[in-house]
Amino acid sequence: MATLHLNALGKTYPGGVTAASEVSVEISDGEFVVLVGPSGCGKSTILRMIAGLETITEGELSIDGARVNDREPGERDIAMVFQNYALYPHMSVRKNMEYGLKNEGLPKAQIAARIAEAARTLRLEEYLDRKPRQLSGGQRQRVAMGRAIVRQPKVFLFDEPLSNLDAKLRTQLRAELKALHRRLGATFVYVTHDQVEAMSLADRIVIMNAGRVEQIGTPMDLYLRPASRFVAEFIGSPSMNMLEGRIGADRASVTFGQASALSLGFDLPGPAGHPIALGVRPEHLHLAPGGAGGIDLAVQFIEQLGADTVVHGAVPGAAGPLAVRLAGVQRYEAGAVLSLACSAENLHLFDAETGVRLAADAV
Amino acid sequence: MVENRPILNILTHAVLILGVLFLCFPVWMALVASTHGAEALSRAPIPLWFGGQGWDNYTQLLSAGLPAAGGVPIGMMMMNSLIMALVITFGKIAISIISAYAIVYFRFPFRMGFFWMIFLTLMLPVEVRILPTFDVVTRLGMLNTYAGLTIPLIASATATFLFRQFFLTIPDELVEAARIDRAGPVRFFIDILLPMSRTNIAALFIILFIYGWNQYLWPLLVTTEEGLYTVVMGIQRMVNSGEALPVWHFVMGTAILGMIPPVVVVVAMQKLFVKGLVESEK
């Protein structure tokens, strides 16, 4: 149980490559924080710096108020679960879990008690004397979690722990992880590139891009009020539609190309002619009754998902594709034109040059 | 694949059996010869079946040795060979695995330089550097000692390369997991790396034991005392019996005895070796 304080953390490799910079996050006791971002965004580097596997070149890291920058991984009171499990192949499940405790010099009885408890929690009792190679992927990952749990660390670190598992197992283990977090009440820091995983697990998400933090917030903060175009497009599936345009002459509409314009009904910040990107999530678009919507969509192809249907197409005049998610089973031929509408509070406006969210939230 | 070619099967088996017979024949000859007397072996048709002197020949070899060849009992030579082979084997494995550990897991200046220097020793077998090595051993006063017999043969990290390649295949996460589990460098080496290298060590043990056991030139140079003779040298000395009739029955007996330890090592370690190969997984 601990708080974790990342203060302007940064990593520059000897070659001059910067993997992460100016990362500041306050993680409170018992919080489940997910670091998410595309590959190479520096999220794993941050996690490895917290673990002590990577030296910190800038900034300060404290666990429970104590600066730990220069402490060895074993002295930070953390436990880590790796993507490829990193179980010791020659040791049985029990030995794998014991190893860290033995090195800590814990009495045998206490070790045995902790392992029994962890095995019960993770339903590993019958596998304790097997070797890792005799276990399935999901079981191996549970052993890796067991190895972390028995340590009773201040902070649990997870480095894409579910990436090597198949989809069904991933969903199942995700639920187990969430339950585990609730039961232990410990501080979890979790790295993933999968936004669904981030959304479903996190109390708070730290979304990173190119070594910097883009936004920190609850999953719903990120979904409803993305701070930048990057966040908007990263969170949500299928991802948010972006229509590039310019602020119209009346500063209350967006013009696309030469012909079409979309009247928004509220004033836009910024001068007329300023390039902006108008974002709207596929699930927030709906069919306009009587064909009186603001956006026309020329259907190109549809994805039938059962519960809903994603229609892909193009908006005449606007560059770029547009997708809309409609409930239930829908059938449209390619070439059909749908008239779509969207309520104003579901529109997101971004500066096309900087990607920053425009304060059009005066809506 | 369905295979139904009886004639080919017979043919391949015939070739196989011929090959086996061809390879085993000299061993058979040695075994048979070691049970005869000297006269039987110097006459024209060499016997192909056991004679009646086996017991006497072997008891004399093991207890008294040959007067003409210094009178050292074979048992003692075998012991010398065994000591030499084992010291060389363990010494080489220990040096190689430790140096590979340093080269793979530690960052120090001229790391690759050291690796290539070690690698170069592969190109310098004992025979090439025999004169300078002999000079060094002489000056250090190591002639006629077990140290002189073994240390110069240990001092080439032949297996470093092999261990290095193996260590490179061990995922970094395992090292990191061990670091988080509070295992320092020594603990990691003993608890994780050594057990994981077990099959490599077994394979090397076989190769190096036979290498050590079969050493001929080097022991011949550094030992002049009979108490340090090895079996391989012993055989050579028996053949060089000067004017007298060559004692083939003793030579063959010694050869048979000298073959036993390597065979035992191969048979014993093969199991571990194969088991390790089948189970290998990281």
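Modeller: Chain A is divided into domain 1 (4-230) and domain 2 (241-362), with bounds that come from an automatic or database domain assignment. This is a predicted model, in which local features need pLDDT of at least 70 and side-chain atom pairs count only at pLDDT 80 or more, whereas totals for chains, interfaces and linings use all residues. Residues are numbered from 1 along each chain as its sequence is written, while chains are lettered from A and ligands numbered from 1 in the order in which they are written.

The centres of the two domains of chain A, taken over C-alpha atoms, are 39 Å apart. Where they meet, domain 1 of chain A contributes five residues and domain 2 of chain A contributes seven residues, a contact being two residues whose C-beta atoms, placed from the backbone, lie within 7 Å. On the side of domain 1 of chain A that touches domain 2 of chain A there are three nonpolar, one polar and one charged residues; here Ala, Val, Leu, Ile, Met, Phe, Trp, Tyr, Cys and Pro count as nonpolar, Asp, Glu, Lys and Arg as charged, and the others, Gly among them, as polar.

Helices (H or I, at least four residues) and strands (E, at least two) are DSSP runs, numbered from the N terminus, and two strands pair if DSSP finds at least two bridges between them. Strand β11 (residues 241-247) of chain A runs antiparallel to β14(A) and is joined to it by six bridges; within this pairing, A:M242 has A:G279 of β14(A) as its bridge partner. β14(A) also pairs with strand β20 (residues 347-351) of chain A, again in the antiparallel sense, over five bridges, and there A:A277 is bridged to A:F350 of β20(A). A residue is called buried if 20 or more other C-beta atoms lie within 10 Å of its own, exposed if 12 or fewer, and partly exposed in between, with C-beta atoms placed from the backbone.

As for the chain around this strand, chain A has eight helices and 20 strands, and its C-alpha trace spans about 75 × 45 × 35 Å along its principal axes. Of its 363 residues, 41% count as buried, and among contacts in chain A between residues at least 6 apart in sequence, 65% join residues at least 24 apart. An unreviewed UniProt entry annotates residues 4-235 of chain A as "domain: ABC transporter", given in the numbering used here with a shortened feature name, although such annotations may be inferred rather than shown by experiment. That span is 37% helix and 25% strand, and its end C-alpha atoms lie 25 Å apart.

Chain A also meets chain B, where 18 residues of chain A are in contact with 16 residues of chain B. On the chain B side, α9 (172-180) and α10 (185-196) each supply at least two residues, and the largest share, six residues, comes from α9(B). By class, this side of chain B holds eight nonpolar, no polar and eight charged residues.

On confidence, the model scores ipTM 0.82 and pTM 0.82.
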